[in-house]
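Subject: Structure handover

Hello,

Here is the structure I promised to pass on. Please open it first, then read the notes below.

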Amino acid sequence: MNPAAWHGQRPSQMPMPVRVSHFPQVPQSTSAVTHYRVVRPAAYPVRTAAPAHASPPTRLWRMLRVGAAAVQVMEEPSMQSKRLPWVVQQPGDVVLTSGRTHGDWVELLFAHLRKGWAPLSSFVPHGLGGYHGDGLYDGANRAIRQHQSEMLHIHLEPNLPEPALRAPSKSFHLQKEAWQAYVWLPELASPGPLPLLVAFHGSRPMDWDFLSFAERWQKDASAYQIAVLVPESVGPTWDYLLTCQRRDMDFIEYAINQTRCQVSIDDQQIAIMGMSDGASLAMSMALRNPGIFRTALVQATGFFHDTAPDTLKPRVYMEYGTEDKLFGPDTVARPTRDRLRDLGCPVEFAMIDGAGHMVQEEFFGAALDFWLGGPVANTEKFKK
């Protein structure tokens, strides 16, 4: 029987759940447990009675794994509804579920907790994270943090060659399958390892000129005596934001380690920068990997996730425009700043008078001065 048929029934009227052989076994709690029931929007029709031949509802796991075929996620639980652009889950991807189903469809959660629908038959149980209604304390949030933590993790390769054995330091281009990045180095580098800046673009048109975008950091590399890594997403924005996956992140990790292999980098001086969507990714990565990214330089941050609440926190330079229509001063900017300070991050906050959502050129100099000028206390600036 379709689980949707039991919507609206009291727990006492529902048959006890049965074990399904292809689902991993999870110990039952000894306490009373209200097992999963479907919750639908009012607009969806509700079946108030189940046919006599119906079988009991099965468990809905908090994490599912995509089966053999890619899955296009839809706005509503119907193949006739609109597709979510670029939100395609690939075979083997692990996805988060919200706990809601509609007929044979399941609602999925993404990095910024946007939701979409996909056929439940496209997935198999993942096992980790438990199932909705299992009685685990804060089970849903735990599953979300666990998944996002895995998606945001960066590993620095140990045992790199000695600087003297590495290739000459010249700006270069990295390519791996569909991904690419530019690495800009000072024309005349001072002796010793270089600080490394990893810079992320925001949402972009698919026909943009990536080289023209990346070249703006070339002058900063020489002026500040740093290495600058500028990667590009394959889609219109970073896949962590679109699908809560990490194919872009795998390339970012690869590019950081390739840069460290070819250039003498000071691993204690790695900062991360982003604008708009890139700022949301950068801030989330810095909070997940504060031992790597000790400074975050962000402009127009829409959201962030703190998946490692008990770790040290990065220093943050944060900038918004007073005329930003997407992330307004009182709706997004100041609440985001306050959340970071509550987490323990030292934040320098700049509100640019008259600026909108697009980054201003002055942001880059102010952010780099903050990073390379040493630690600062919480301060706030209002620039004209």
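Start with a charge over a ring (NZ of Lys or CZ of Arg within 6 Å of the ring centre and within 35 degrees of the ring normal). Arg339 lies over the face of Phe304, 4.0 Å from the ring centre. Arg216 sits over the face of Phe364, at 3.7 Å from the ring centre.

Some ground rules. This is a predicted model: local features need pLDDT of at least 70, side-chain atom pairs count only at pLDDT 80 or more, and totals for chains, interfaces and linings use all residues. Residues are numbered from 1 along each chain as its sequence is written, and side-chain values use heavy atoms, leaving out hydrogens and water.

Confidence comes next. pLDDT is the predictor's confidence in each residue, from 0 to 100. The protein chain has a mean of 82, and 79% of its residues reach 70 or more. Over residues 1–57 the pLDDT is below 50. Beyond near neighbours in sequence, that stretch has 96 contacts (heavy atoms within 4.5 Å) in the model.

Now the aromatic pairs. Rings of Phe, Tyr and Trp (its six-membered ring) pair if their centres lie within 6.5 Å; planes under 30 degrees apart are stacked, over 60 edge-to-face, the rest tilted. The count comes to 13 aromatic pairs. Trp61 and Tyr131 are edge-to-face, 5.6 Å centre to centre with 70° between the planes. They are 70 residues apart.

Tyr320 and Phe349 form a tilted pair, 6.0 Å centre to centre and 40° between the planes. Tyr320 is in strand S14 and Phe349 in strand S15, so the pair ties together parts 29 residues apart in sequence. Strands (E, at least two residues) and helices (H or I, at least four) are DSSP runs, numbered from the N terminus. Both Tyr320 and Phe349 are buried.

Last, the interior. A nonpolar core is a set of buried Ala, Val, Leu, Ile, Met, Phe, Trp, Tyr and Cys residues joined through side-chain atoms within 4.5 Å. The largest has 55 residues, and Met285 and Phe293 have the most contacts inside it. Helix H6 (residues 277–288) gives the most to this core, with 7 residues. Met285 touches Phe293 and Met249, among others. A second, separate core of 27 residues includes Tyr317 and Ala350.

Best wishes

Key. Buried means under 20% relative accessible area, exposed over 50%, partly exposed in between (1.4 Å probe, protein chains only). Lists of a residue's contacts leave out its neighbours within four places in sequence.
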